[in-house]
Amino acid sequence: MSFEKMFGEDGMSIEKARLIGLLEREPASEETKEAIMKWSEQMEARSIISSKEMIRFNVDRAELYEAMGDIDEMFQCLDHAMYQVNQEKDAGVEDGNWDELFTLIKSRIAAMEEKYPA
């Protein structure tokens with residue numbers, strides 16, 4: 001299962017895909033940087049709603065950091081997402097398929113470690 005299927009696609013995920021496409025074609029222009037900041041602010045505000053939204057924010061932000069070439073920040077975001085999933089899985093407060101989400105993030109981290117060895 002992909003993260004989009006897990007979280008659901010919305011306008012913010014479509015904007016993220018557009019930004020990644022821009023970054024893959026050329027280095028970040030001032031316009032692209034402003035769009036990324038706006039996206040980040042909106043996602044951060046939304047992440048306050050629930051733990052799932054915070055996890056989504058970190059997973060999505062990791063994708064943007066990878067597209068920008070900031071691999072250290074990408075790994076930090078994935079680590080934050082993994083930590084949050086573990087917290088929620090153990091707390092049992094918010095409903096969710098935490099085991100599947102844990103597996104998805106763990107496999108993403110493994111793929112990125114293989115792609116970007118230390």
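## Helix H4 and its packing partners

Helix H4 is followed by glycine 69, whose phi is positive, near 90°. This description rests on a predicted model.

H4 itself covers residues 51–68, and its 18 residues carry the chain 26 Å from the first C-alpha to the last, close to the 26 Å expected at 1.5 Å a residue. Its buried residues are Ser51, Glu53, Ile55, Arg56, Phe57, Asn58, Val59, Asp60, Ala62, Glu63, Leu64 and Tyr65.

| Pair | Crossing angle | Axis separation |
|---|---|---|
| H3 (residues 30–47) and H4 | about 160° | 8 Å |
| H4 and H5 (residues 71–91) | roughly 165° | within 8 Å |

The angle of about 160° between H3 and H4 exceeds the cut-off of 145 degrees, and therefore H3 counts as roughly antiparallel to H4. The crossing of H3 and H4 is left-handed. On the H3 side the contact is formed by Ile36, Trp39, Ser40, Met43, Glu44, Arg46 and Ser47, while H4 contributes Glu53, Met54, Arg56, Phe57, Asp60, Arg61, Leu64 and Met68. Sorted by class, this contact of H3 with H4 comprises seven nonpolar, two polar and six charged residues.

Turning to the other partner, the axes of H4 and H5 cross at roughly 165°, which makes H4 roughly antiparallel to H5. The crossing of H4 and H5 is also left-handed. Here H4 supplies Ser51, Met54, Ile55, Asn58, Val59, Arg61, Ala62, Tyr65 and Glu66, and these meet Ile71, Glu73, Met74, Cys77, Leu78, His80, Ala81, Gln84, Val85 and Glu88 of H5. By class, the contact of H4 with H5 holds eleven nonpolar, four polar and four charged residues. Met54 and Arg61 of H4 are listed in the contact with H3 as well as in the contact with H5.

Methionine 82 also lies in helix H5. Because its relative accessibility is 12%, methionine 82 counts as buried. Once its neighbours within four places in sequence are left aside, methionine 82 is in contact with Phe102, Ile105, Lys106 and Ile109.

Technical notes. Residues numbered from 1 in each chain as written. Predicted model: local features only at pLDDT ≥ 70, side-chain atom pairs only at ≥ 80, totals over all residues. Heavy atoms only, no water. Helix = DSSP H or I, 4+ residues; strand = E, 2+ residues; numbered from the N terminus. Expected span 1.5 Å × (residues − 1). Buried < 20%, exposed > 50% of the residue type's maximum accessible area, 1.4 Å probe, protein only. Axes fitted to C-alpha atoms, helices over the stretch in contact; angles between N-to-C directions. Parallel < 35°, antiparallel > 145°, perpendicular 65-115°, else oblique. Left-handed = near helix turned anticlockwise from the far one by under 90°. Contact = heavy atoms within 4.5 Å. Nonpolar A, V, L, I, M, F, W, Y, C, P; charged D, E, K, R; others polar.
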